[in-house]
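Here is a briefing on one protein chain. Look over the sequence and the model, then read the points below.

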Amino acid sequence: AQLLNLACQRSLGARRAALIGTTVALTGGSLLVLAPIGSVTGALPALTLIGLGLGLSTPAANSALMAAAPSRDSGMASAMSGTVRYLGGIAGIALVSTMVTGADLLAAHQHSVTIHAAVLGLALGLSILIPAKGR
């Protein structure tokens, strides 16, 4: 999987890989928001799209970050990237946990999926800021 991702980044560039990956993930998130899911197997196509999209976009965004950082600051850039990612995960878990404590788990799930899709939309917008290949 890593070799495939590296090949995609080299042929597409980090910006295109991030844009394509985030678009695929957003498509999966949108499917979860728009289509009522009756079972776990019914959610698999959307979840697969989210996984494939994030698998393509996350390493591309990290590569672009590391390429933009001066070599003397590469450790700081990597640490900051990891810290922000972990803080986002913690905040997301806290938010979803707060929503799921209610009685209506299906409504809470729908809210959490909607928030996830909105965050993927924001990530898509931020992907545009990655420098194009060759710059």
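Buried means under 20% relative accessible area, exposed means over 50%, and partly exposed lies in between, using a 1.4 Å probe and protein chains only. This is a predicted model: local features need pLDDT of at least 70, side-chain atom pairs count only at pLDDT 80 or more, and totals for chains, interfaces and linings use all residues. Residues are numbered from 1 along each chain as its sequence is written, and side-chain values use heavy atoms, with hydrogens and water left out.

**Fold and confidence**
- The protein chain has 5 helices and 0 strands; helices (H or I, at least four residues) and strands (E, at least two) are DSSP runs, numbered from the N terminus.
- Along the sequence the pattern reads α-α-α-α-α.
- Mean pLDDT (the predictor's confidence in each residue, from 0 to 100) is 79 for the protein chain, and 82% of the residues score at least 70.
- Confidence is lowest in helix α1 (residues 2-12), with a mean of 65, and highest in α2, at 86.
- Contacts (heavy atoms within 4.5 Å) between residues 24 or more positions apart make up 69% of those with a separation of 6 or more.

**Surface**
- The protein chain exposes about 8700 Å² of accessible surface, and carbon and sulfur atoms hold 72% of that; areas come from the Shrake-Rupley method with a 1.4 Å probe, and for residues only the protein chains shown count as cover.
- Val119 sits in helix α5 (residues 105-127).
- Val119 counts as exposed because its relative accessibility is 51%.

**Interior**
- Of the 135 residues in the protein chain, 24% are buried.
- In soluble globular proteins, nonpolar side chains tend to be buried together.
- A nonpolar core is a set of buried Ala, Val, Leu, Ile, Met, Phe, Trp, Tyr and Cys residues joined through side-chain atoms within 4.5 Å.
- The largest such core has 7 residues: Ala14, Ala17, Ala18, Leu56, Ala60, Ala64 and Ile130.
- Helices α2 (14-34) and α3 (40-68) each give two or more residues to this core.
- Apart from it lies another core of 5 residues, including Leu32, Ala46, Ile50 and Val113.

- Beyond its neighbours within four places in sequence, Ile130 contacts Ala14, Arg15, Ala18, Ala61 and Ala64.
- Thr22 belongs to helix α2.
- Thr22 is buried, at a relative accessible area of 4%.
- With neighbours within four places in sequence set aside, Thr22 touches Gly53, Ser57, Leu120, Ala123, Leu124 and Ser127.
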